[in-house]
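Good morning. Please have the sequence and the model open while I talk.

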Amino acid sequence: MTTDTLPPAPPQTVVAQKPVDHVWRLDDARQTMVITATGERLPQIVYWGTRLPDGEDLQMLHAASVFDITGGMLDENPDLSLCPEASRTFPGQPGLIVRQGNGTPILPKFCFADAVETTDRLYLNYRDAENGLSLKFMFLTDPETHIITAQTVLSADNPVHLHWLSAPVIPAPQHSDEMIDFSGRWCGEFQPNRTAWSAGMRYRENRTGRTGHEHFPGLLVPCTGATNTAGEVYGFHYGWSGGHRMVAEELPDGRRQIQWGHAARMEHEAGLEFKTAPLYLTYSNTGLNGCAVSFQRHVRDRIVTWPKPDRPRPVHYNCWEAVYFDHKLDVLCDIADRAAALGAERFVLDDGWFGNRDDDTRALSDWEVDPRKYPDGLGPLIDHVHAKGMSFGLWFEPEMINPDSNIHRAHPDWALGAEDQLLGRQQKALNMALPDVRDFLYDRMSAILSAHDIDYIKWDHNRVLPTPDAAQTRGSYALIDRLRTDFPNVEIESCASGGGRIDFGILQRTQRVWLSDSNDALERLRIQHDAALFLPLSITGSHVGPRRCHTSGRVLDISFRAWVAAQRHMGFEMDPRELTDHEASVLTTATSWWKTNRDWLQTADILRLDSADPAVIAEQQMARDADRFVVFAGKAATSTQISPRPLRLTALDPDAMYRVRLVNQDDMSRLTRGTPALKSGPITVSGAYLMNHGLALPWAFPDTIWVAQGERL
Ligand code: DGJ
């Protein structure tokens, strides 16, 4: 069902033994990548950027791209190849570090074997006969999303130990001053870091064994002057959930290389074949948004497999922040009634339904319904939820085990790592490489899924691993794949204390991510804005939290909370019994707006706006046919200046006229006294005006958001 390797190429297209100086190109309407090789040596990317003319002479381009040399240098610059070899005097990090089965280091030196080219694929095979190694580079283009998927596979005649294998190594642009990568924390995911290019390397290595809040595997390299909406940007994402390594290195000669792979030494056994995860690449000439839209569309339209693609994304209710571990059937039924009345369409029963799970110290892996809380099983609650017209989802944390659990007492050897390891949330990870562990989890989970009509799993992963191990990640993938094969209608949400496992590897197997445990709308506004560089609305969960946020202590108005959740895949997570009539009414209105518009919103592109006021975080969600849009302009702080600065929109037709209106007119502050036309009704203006002058929004308090909808006339 899902695959971690690009599809095989048709064998009849093999081009045997090309002449010296091989040249290849990959194209879509927006970009060209030219790969050339001197003689039999490993190839290098000599051009990647805006689309080149069809008639470009690639042999000439190969010759013209040679970097000059002067005193103090070798007589030729070592190739910055798709896998720089330590054996060829390469002055930076090599793309491959490997040892023989007995531990002796190998210094590979590859030669051309053959190449396969089709309209959308390029596979290049190289061989080091002396060391019995083969290296394959695979590229796949996508004319619609403009994503190039690249992967490297190493095979060996005899078992070898892998220390490091990079996906195809990419030269970074020279006309760029900085790179943007991502760090984060619990309740603070997707924090962009801007780092200036300088001699030496920026080295990010995630050794936590899961994608992690701290190390989202993405990189954006803007060329000088690029913004959200304009300029050239190169985008990278490594689709793997086990922890990655990224090297962005400026060589002494000024060239720059970018390497991506699994974190080093994650393969604990000698083997005959190793492959990187797919590396997703894109070049944009429309600023960061060009990359963002490519990643968003690729995730939604190519990576995620939807059980029912035409089914609108249902509004969620999740009971975690309402009841935590205190499950009582009558209370949950009451909450379900209220959630349905507010507009929820799927009820998710979170942690606390199994074993003797009264808090987070016990029972993980005892995946049997707690008879104290559910004497008649889950059936009565599920029936009640269904009677309210909602579907039912259930929380699991399959990879985890508490020492205080029946399963740990019976199988202490199933836990991963040392006996005296540090616990995380009082729990250990199970060793997912063990078939017995996977079979056990499959049996327990499938028993529950078979017994009930459940259409959703919230799949949690609340601790890091004691040590990074690729076999663990492969084991998790195998379990999910098996469950998905047997329960194809069940959607899965990837959660790991919020956004700790978000990447295109897990998204090949899941349909939603729990972006953050922060339901604080102010924090969410920022997290969602930055996550949109990679993630579309349709997979990004966002819930309206309690009036006083449980993770920040902030008290935020219902309108702000509701509209920030309406920016993504909407849901509720507060105890609905706390809502006043006013709050329930605002929430119902926002939810109903979301439902009315979700058909076009779930395929819309999220475009980040360049706000002239740093206090305003704004985005424009643009329909695929470009005929309508909605702008969310969140006021994340008090502005320095007193009047709002106009907000420039993007990607509109300059010659078309647009009617724009405020959706949440009722949120107008009593302190606004001016007369911008938008305050009193729709305005009709040109795309040119909206993109050049900008939209004049009314004055607003901090911690509020304007929602303005536009349609092309
Ligand atoms: C962490 C998740 O992020 C929360 O949403 C919740 O599911 C808890 N785990 C349950 O233990």
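First, the ground rules. This is a predicted model, in which local features need pLDDT of at least 70 and side-chain atom pairs count only at pLDDT 80 or more, while totals for chains, interfaces and linings use all residues. Residues are numbered from 1 along each chain as its sequence is written, and side-chain values use heavy atoms, with hydrogens and water left out.

Now the ligand. Which residues come nearest to it? Of the 13 residues around the ligand, the nearest are D350, D351, K458, D460 and D517. Here a residue is near a molecule or strand if one of its heavy atoms lies within 4 Å of it. The shell divides into 4 nonpolar, 3 polar and 6 charged residues. In this count, Ala, Val, Leu, Ile, Met, Phe, Trp, Tyr, Cys and Pro are nonpolar, Asp, Glu, Lys and Arg are charged, and the others, Gly among them, are polar.

Next come the polar contacts, meaning pairs of N or O atoms within 3.5 Å; within protein, one must be able to donate a hydrogen and the other to accept it, and residues adjacent in sequence count only if both atoms are side-chain atoms. A side-chain N or O atom of D517 is 2.4 Å from an oxygen atom of the ligand. For D350, a polar side-chain atom lies 2.7 Å from a ligand oxygen, and for W395 the distance is 3.1 Å. The ligand taken alone exposes 290 Å², and the protein buries 98% of that. Those areas come from the Shrake-Rupley method with a 1.4 Å probe; for residues, only the protein chains shown count as cover.

On to S494. This residue lies in strand β27, residues 491-494. Helices (H or I, at least four residues) and strands (E, at least two) are DSSP runs, numbered from the N terminus. Is S494 buried or exposed? With a relative accessible area of 2%, S494 is buried. Buried means under 20% relative accessible area, exposed over 50%, and partly exposed in between, with a 1.4 Å probe and protein chains only. The S494 side chain reaches the backbone oxygen of R501 at 2.7 Å.

Now the strands. Strands of a sheet pair through backbone hydrogen bonds, either parallel or antiparallel. Two strands pair if DSSP finds at least two bridges between them. Strand β34, residues 657-662, has a covered face of Y658, V660 and L662, and an uncovered face of M657, R659 and R661. β34 pairs with β35 (residues 683-686) in the antiparallel sense over 4 bridges, and V660 stands opposite I683 there. Antiparallel to β34 also runs β36 (residues 704-712), joined by 5 bridges, with E711 as the partner of R659.

Elsewhere, 4 strands form an open antiparallel sheet in the order β11-β18-β17-β14. Its edges are β11 (170-171) and β14 (200-205); each has a single partner strand, so one side of each is left without a neighbour in the sheet. Between β17 (244-250) and β18 (256-262) there are 7 bridges, one of which pairs V247 with Q259.

Last, the backbone angles. C187 is not a glycine, yet has a positive phi of about 65°. C187 sits in the loop between β12 and β13 and is buried at 5%. S365 has a positive phi near 95°, in the loop between β22 and α5, and is buried at 0%.
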